[in-house]
Amino acid sequence: MSKRMPRASGYFRTGYAQDFKLVETRLERVSASLFVISLAIFPFVASPFQLDLACQVFLAAVGSLSLMLLTGYAGQISLGHAGLLAAGAFTAGILFKEFGAPFWVTLPSAAVVGGLLGIVFGLPSLRLRGLYLAVSTLALHFVVVYIGGEYEAKRGYSTGIVIDPPSLGGHAITNPRIWYFVLLAAAAATFFICVNLLRSRSGRAWRAIRSHETVAEALGIGVANYKLLAFVISSAITAVAGALFAYYRGFVSVEAFSLFLTIQYVAMVIIGGMGSLLGALLGAVFVTLFPYWIEAVLAALPGAARYASVLFAVNYAAFGLVMILFLVFEPLGLVGIWHRIQTFFLLWPFKHRPVAGPNR
Amino acid sequence: MQLVVNIIVLAAIYALIACGYVLIYRVSRVLNLAHGELMMFGSYLLLTTAWTFTGHPLVAIAVALGLSLVVGVLVYLFLMRKMTGEMVLAAVLTTIALGILLRGVMVIVWSAQQQYPGQALGFANPSIVLPGGARISTFAALIVLATAVVYAALFAFLRFSRWGVRMRAAGQNPLLAAQRGINLHAIYALAWGLSTLTGSIAGMLLALDSGLTGTMVLIGLKAFPAALVGGLDSLFGALIGSLIIAAAEVSLINYVDPLLADVVPFLVLIVMLILRPWGLFGTREELDRV
């Protein structure tokens with residue numbers, strides 16, 4: 001009987017098999033399959049520009065999901081995300097330049113390098129919390145970027161490293177449509193890895209650590225181990241995202257991995273909504289498309305030519321403003337807005353939940 | 001000899017900027033990562049006042065300083081006041097967002113080109129030869145002087161004046177301070193104003209010395225390790241931390257590799273966080289361990 005009931009009515013699972021399901025209700029099944037179909041059709045109807053946007057969104061989604069795992073679920077603040085992306089990109093670039101390694105070598109090695117760096121980034125978290133942890137990851141960001149810049153300078157690639165597109169069975173992947181599906185697969189794989197990690201023992205441990213470290217310790221959770229695990233997994237995924245980014249752009253340079261990139265990823269997590277994978281995805285879409293919206297709005301305003309030279313500055317200002325607005329007025333992010341809309345329709349025509357009713 | 005002079009000048013720059021971080025952190029436990037941008041904003045204000053009051057450089061400087069104080073207070077009143085009581089991280093992220101916003105606004109208003117407020121004010125910047133053969137530009141010497149004056153004034157203010165004592169009380173225990181009738185919002189606003197003011201003094205002197213570009217933000221960020229190495233809630237610590245960072249940076253640039261300039265402060269910071277996370281002179285209690 002629980003099968004056909006909408007969730008708000010008090011939805012109970014009656015067996016372990018139901019616990020394992022990812023999509024439970026008919027509405028979810030229908031909307032999920034519609035979503036998958038539209039994703040599959042999209043590259044055949046979209047313009048090349050839209051295709052590029054979609055690829056950027058997928059890349060950002062991989063990065064933001066991994067950051068959400070670390071910050072939103074395990075509660076460890078990291079301001080070194082761009083450093084990890086740079087580490088992945090440079091691993092791919094250096095292996096390609098020095099040894100001509102193919103992508104099925106560089107991607108796993110990027111993951112390994114990312115994992116090792118994750119231990120380095122995570123070690124301070126055993127001693128430090130909150131602000132101090134954020135600062136230590138920020139410092140490591142500068143160190144990683146410095147090492148990358150040093151490599152570029154010493155090897156004479158001062159403008160950046162050019163990487164050939166990855167080839168599969170003798171064919172180079174250059175077709176944007178193939179890239180679309182490759183990156184979609186990467187984003188989807190990351191999403192399902194995250195979903196399953198969060199449903200397992202490690203996910204529960206992370207959530208416990210986030211809500212109260214001392215209590216988690218008292219419950220028998222190895223806080224240090226799980227913190228490091230969160231850093232390692234998140235960093236490995238991030239580094240792979242960086243390597244994919246390098247292949248997609250065909251170019252690696254330290255200039256691409258500034259502090260602003262870190263802030264963008266943090267913004268994705270905040271704007272999307274802390275502690276929600278859906279939030280990470282929404283945030284990735286929002287932050288990636290935001291500059292293009294601003295550009296479109298400016299182009300529609302009178303005197304568009306006047307703004308053309310300061311476009312990036314307008315972008316900066318608008319981005320900062322949006323981040324402030326979210327932090328001040330909607331700390332739960334886009335997901336918070338979505339839940340509020342859901343609640344409104346579920347309760348309609350009433351405004352408030354009954355006092356002793358089913359809670360979410 | 002030249003090396004020592006360079007170290008002292010850089011240490012003075014860092015110290016002058018770092019006291020802004022310390023002031024805000026000590027009073028409200030918020031780390032202001034927009035300090036570099038606020039300081040740059042202050043120096044752009046000087047540029048504008050220099051254009052407005054042509055021929056009266058001292059008036060221009062005084063007006064710019066007053067405006068920067070007001071800017072700091074306004075930032076608190078309209079933005080950071082809303083973040084009191086929120087998670088510390090949210091407040092820090094708000095300052096980061098404010099920094100991005102300011103950076104965009106500054107480019108829109110004043111363009112990204114290098115500007116020279118020194119020329120606009122009609123100041124020359126001759127270099128002075130010190131005994132021992134070392135050279136120092138006039139404004140670099142002024143920076144050292146300003147740092148000494150600002151620190152002396154801040155020490156006196158916090159030690160003897162009524163508002164300074166209130167500020168320390170609010171930093172030690174906001175709840176008790178509020179119960180004794182101290183207006184916390186006024187204290188916080190004052191801290192933000194003073195912090196922006198001292199940052200702007202640093203920014204203006206730097207701009208007068210070597211021009212005004214976007215790199216100033218990075219200098220502001222590099223001063224932050226200085227504050228943390230000394231202990232984020234200790235003014236004296238900020239002085240010592242600045243000396244350590246400046247000495248490490250100048251000597252490593254000189255003897256190892258000029259490319260290291262931007263990472264040295266952060267390397268020192270990492271070492272400090274491993275050894276003594278609360279800094280040389282900081283209060284230990286605020287860090288709890290696992």
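**Architecture and packing of the two chains**

Chain A has 15 helices and four strands. Both element types are DSSP runs numbered from the N terminus: helices are H or I with at least four residues, and strands are E with at least two. The radius of gyration of chain A is 22 Å, close to the 21 Å that the globule rule gives for 360 residues, so chain A is as compact as a globular protein of that length. The radius is taken over C-alpha atoms, and the rule is 2.2 Å times the number of residues to the power 0.38. Along the principal axes, the C-alpha trace of chain A spans about 70 × 55 × 45 Å.

The model is predicted; local features need pLDDT of at least 70, side-chain atom pairs count only at pLDDT 80 or more, and totals for chains, interfaces and linings use all residues. Residues are numbered from 1 along each chain as its sequence is written, while chains are lettered from A and ligands numbered from 1 in the order in which they are written.

Of the 360 residues of chain A, 42% count as buried. A residue is buried if 20 or more other C-beta atoms lie within 10 Å of its own, exposed if 12 or fewer, and partly exposed in between; C-beta atoms are placed from the backbone. Contacts were assigned to residues whose C-beta atoms, placed from the backbone, lie within 7 Å. Among contacts in chain A with a separation of 6 or more, 76% are between residues 24 or more positions apart. One cis peptide bond joins A:Trp348 and A:Pro349, with omega about 10°. A:Pro349 lies in the segment after helix H15 (333-347) of chain A.

Chain B has 12 helices and two strands. Along the sequence its pattern is α-α-α-α-α-β-β-α-α-α-α-α-α-α. The radius of gyration of chain B is 19 Å, which agrees with the value near 19 Å for a compact globule of 290 residues. Its C-alpha atoms fill a box of roughly 55 × 45 × 35 Å along the principal axes. Buried residues make up 50% of the 290 residues. For contacts in chain B with a separation of 6 or more, residues 24 or more positions apart account for 74%.

The largest nonpolar core has 204 residues, and B:Tyr14 and B:Ala18 have the most contacts inside it. H1(B) gives the most to this core, with 18 residues. Such a core is a set of buried Ala, Val, Leu, Ile, Met, Phe, Trp, Tyr and Cys residues joined through C-beta atoms within 7 Å. Leaving out residues up to four places away in sequence, B:Tyr14 touches B:Ala223, B:Ala226, B:Ser242, B:Ile245 and B:Ala246.

B:Arg29 is found in the loop between helix H1 (2-28) and helix H2 (35-52) of chain B. B:Arg29 has a positive phi of about 60°, although it is not a glycine. This residue is partly exposed, with 15 other C-beta atoms within 10 Å.

In helix H7 (residues 162-172) of chain B, the buried residues are B:Arg166, B:Met167, B:Ala170 and B:Gly171. Seen down the axis of H7(B), they fall within an arc of 135°, so they line one face of the helix. The arc is that of the directions from the helix axis to the C-beta atoms. The cover over these buried residues includes H1, helix H6 (138-160), helix H8 (174-179) and helix H9 (184-210) of chain B.

The contact between the chains takes 38 residues from chain A and 32 residues from chain B. H4(B) gives the most to the side of chain B that touches chain A, with 16 residues.

Key:
Contact = placed C-beta atoms within 7 Å.
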